[in-house]
Amino acid sequence: QVQLVESGGGLVQAGGSLNLSCAASGRPFTNCAMGWFRQLPGEEREFITGFSWSRTAHYAGFVKGRFTISRDNAKNTVYLHIKYLKPEDTAVYYCAVRIRSGTRWSELDMDYWGKGTLVTVSS
């Protein structure tokens, strides 16, 4: 089965940065869309950024340059770099994959999810 394992979350101070990773296994991921979502406390899961099937990066409008996605195809791993962290960034960050053709970034469009990694930003 497909498995996505996020790591890198933790407690950080506002203004700092974090690097999250998502290791994927269980099938080839060359032809798929893979990206990051987050779920703020009490809110629904929202899209942050992701790579399309063609490896083109897409970003949600709220990112505004603070989030960067990258990947290591040899390791089947996707990364999320976050800088200038704010308390409102506190959330569970999830990795997600869509293996069906076409790239769409709503929660229901994704086929597999990791369990998430918690990022807590202190003031």
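**A close look at strand 4**

Modeller: Strand 4 pairs with strand 5 (residues 46–51), antiparallel, over five bridges. Strands here are DSSP E runs of at least two residues, numbered from the N terminus, and two strands pair if DSSP finds at least two bridges between them. The model is predicted: local features need pLDDT of at least 70, side-chain atom pairs count only at pLDDT 80 or more, and totals for chains, interfaces and linings use all residues. Numbering runs from 1 along each chain as its sequence is written, and side-chain values use heavy atoms, without hydrogens or water.

Look across this pair. F37 stands opposite F47 of strand 5. Six residues lie between the two strands of this hairpin. G42 takes a positive phi there, near 75°.

Strand 4 also pairs with strand 9. Strand 9 covers residues 91–98, runs antiparallel to strand 4 and is joined to it by seven bridges. Q39 has V92 of strand 9 as its bridge partner.

How much of strand 4 (residues 33–39) is buried? Six of its seven residues are, so the rest of the structure largely encloses this strand. Buried means under 20% relative accessible area, exposed over 50%, and partly exposed in between (1.4 Å probe, protein chains only). Across the protein, buried residues make up 41% of the 123.

For contrast, take G61. G61 sits in the loop between strand 6 (57–59) and strand 7 (67–72). G61 is exposed, at 67% relative accessible area. I48 and G61 are 13 residues apart in sequence, and their C-alpha atoms are 8.4 Å apart in space.

Another set of pairings involves strand 3 (residues 18–25). Strand 1 (residues 3–7) pairs with strand 3 in the antiparallel sense over five bridges. Here Q3 has S25 as its bridge partner. Strand 3 pairs with strand 8 (residues 77–82) too, antiparallel, over six bridges. L18 has I82 of strand 8 as its bridge partner.

Now the whole protein. There are 11 strands and zero helices. The radius of gyration, taken over C-alpha atoms, is 13 Å, close to the 14 Å of the globule rule for 123 residues, so the protein is as compact as a globular protein of that length. That rule is 2.2 Å times the number of residues to the power 0.38. The C-alpha trace spans about 40 × 25 × 25 Å along its principal axes. Of the contacts (heavy atoms within 4.5 Å) with a separation of 6 or more, 55% join residues 24 or more positions apart.

Conventions
Helices (H or I, at least four residues) and strands (E, at least two) are DSSP runs, numbered from the N terminus.
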